[in-house]
Amino acid sequence: MVSVSAVSFSPDGKIIASASADNTVKLWKPDGTLIKTLSGHSDWVSEVSFSPDGKIIASASRDKTVKLWKPDGTLIKTLSGHSGWVSAVSFSPDGKIIASASADKTIKLWKPDGTLIKTLSGHSGWVSAVSFSPDGKIIASASADNTVKLWKPDGTLIETLSGHSDSVSEVSFSPDGKIIASASDDNTVKLWKPDGTLIKTLSGHSGWVSAVIFSPDGKIIASASADKTVKLWKLDGTLIKNLSGHSDSVSAVSFSPDGKIIASASRDNTVKLWKPDGTLIKTLSGHSDWVSAVSFSPDGNILASAGRDNQIILWDLTIDIDELAALGCHWLKDYFVTHSEVRQELSICQDKAVLKATPLLLFNQAQELAKIGNIQESLALFEEAKKLDSTLQFHPQKDVYQPAALYWVNQAKIYVAEGDAKFSKFLFNKALKINPNLQINIEAEITLAEAIDHLKQKNIKTAIKYYKAAINIDKNLDVSAEQWYNLCWDGSLNGYAKDVLFACENAVKLAPNDGNIRDSRGLARALTGDFKGAIEDLQDFIKWTNDDKIKTERQGWIKVLKAGKNPFNPEVLEKLKQ
């Protein structure tokens, strides 16, 4: 199965471009008709972007090039010069500059005719994202070296924004250009002034932050995270709302042009639509693998979602007229009781299509309410829908109590991952009251939460004890690869490598292709005298990472290990803790 990595709308909303791991870009009409397939890249396409006037499409690829195309599919130019794969591409607001970001640690600036203007060098890790300020006077680049760098279009480095403790995955300007938001694997979003001043750190996510975006009016910041949530923040850092409902990592988030809808894409194979007040509007199910990108058309009527199932799905967000009328008539139902003459005037409420749409509309709303744990309103709507259409099949246990209980279980597990034993216990008990048949070992879950809390506080010995206790209570306990990895890494760095080796093995078993996890087991193996195993893990990590500085460091460790010595002296271990 080939994955789709990005989607983009033309400025007039008439063409949708999708980037794919099958090395192509496809152009579509909003009605789903395939217009053209742009073939020419020799490796998968990571991002696609339209010029502001819509006359050029730029595609970035792992084949180390950027290609420029006409909307009719004609290849205009191939921009060659990067020595590593190209992860992102962006046009300046006036369309006169194209910026490309690469694993070779540089940003290159090009003219639309293909002329290389400037290479921006300064990052020590691969560059994951690049963005122009609204006035085009600043270019921001995000990197695996834990920094954001700000540049003038002439290549002058203005400022380095340092403060993140892990890779920066995304960078975004506010609509007025006065704030820069950066999303990082350190679980935070940071807000900066263009002069480099750190305004605020938004802390609250318990997993890496994959995306960050401003609302069109610039008053709200939305962040998407591996902790399965989207968080909405005020510019002063106040958490407004936690959008919970996804059952896996959230990979992308987008605002509709009017700011009234937020779309979130997730590894749970769904897209969810939310109101800014946190109300779940709809869950869009159609992808068979995780959804990696979402984008609204300029008029807000179409949402495009791209997934690892090699699909781009176009969703029509315009409400069906019968459904809209049914909704209005439903809101007026109590008024009609005492004002029957109005019902006669509003003949649309007697229309067969509208009457038919009403119970199904209520039924769908009831299902969505159950999925976010709102039992009473869900039951009421189900009953009302059934009164209007007795053929609707409604089973309270299956349609309300089971999804509602599952919602609170997922909420509880979020707090387990944060190490909050008290509140997660409260939520688990709430789920069990709704559905006593749930197979949950609360004691094991709470013990795991306590283990995570002790690990956060660097009480390593106690954390090990609680981790083991949790597994002894429930051998099938769902402990994530990341949770085992954290114990493996922190335990190894703090003198407990032998005691946490079991955690390292569990992490590798769950995520054998994750380089960071192999790296942590390599550390533990070296510290426990298994030099051969350590070398194998470190070699696998070197193949996995794109960071040349880290590669060189690991190669040095391997050289020492091959000589039969342990490279991890107290000084090295202390450096790794930073």
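Biologist: Which residues does Gly177 touch, not counting residues up to four places away in sequence?

Modeller: This is a predicted model, in which local features need pLDDT of at least 70, side-chain atom pairs count only at pLDDT 80 or more, and totals for chains, interfaces and linings use all residues. Residues are numbered from 1 along each chain as its sequence is written, and side-chain values use heavy atoms, with hydrogens and water left out. Gly177 is found in the loop between β17 (168-173) and β18 (180-184), where strands (E, at least two residues) and helices (H or I, at least four) are DSSP runs numbered from the N terminus. With contact meaning heavy atoms within 4.5 Å, Gly177 touches Pro134 and Pro194.

Biologist: Is Gly177 buried or exposed, and at what relative accessible area?

Modeller: Buried means under 20% relative accessible area, exposed over 50%, and partly exposed in between (1.4 Å probe, protein chains only). Gly177 therefore counts as buried, its relative accessible area being 17%.

Biologist: With which residue does Asp490 form a salt bridge?

Modeller: A salt bridge requires a side-chain nitrogen of Lys or Arg within 4 Å of a carboxyl oxygen of Asp or Glu. For Asp490, the closest N and O atoms of the pair are 3.2 Å apart. Asp490 is buried at 15% relative accessibility; its partner is Lys458.

Biologist: Which residue pairs with Arg518 in a salt bridge?

Modeller: The closest N and O atoms of this pair are 2.8 Å apart. Arg518 lies in helix α12 (residues 515-527) and its partner in helix α13 (residues 531-544), so the pair ties together parts 19 residues apart in sequence. Both residues are buried, and the partner is Asp537.
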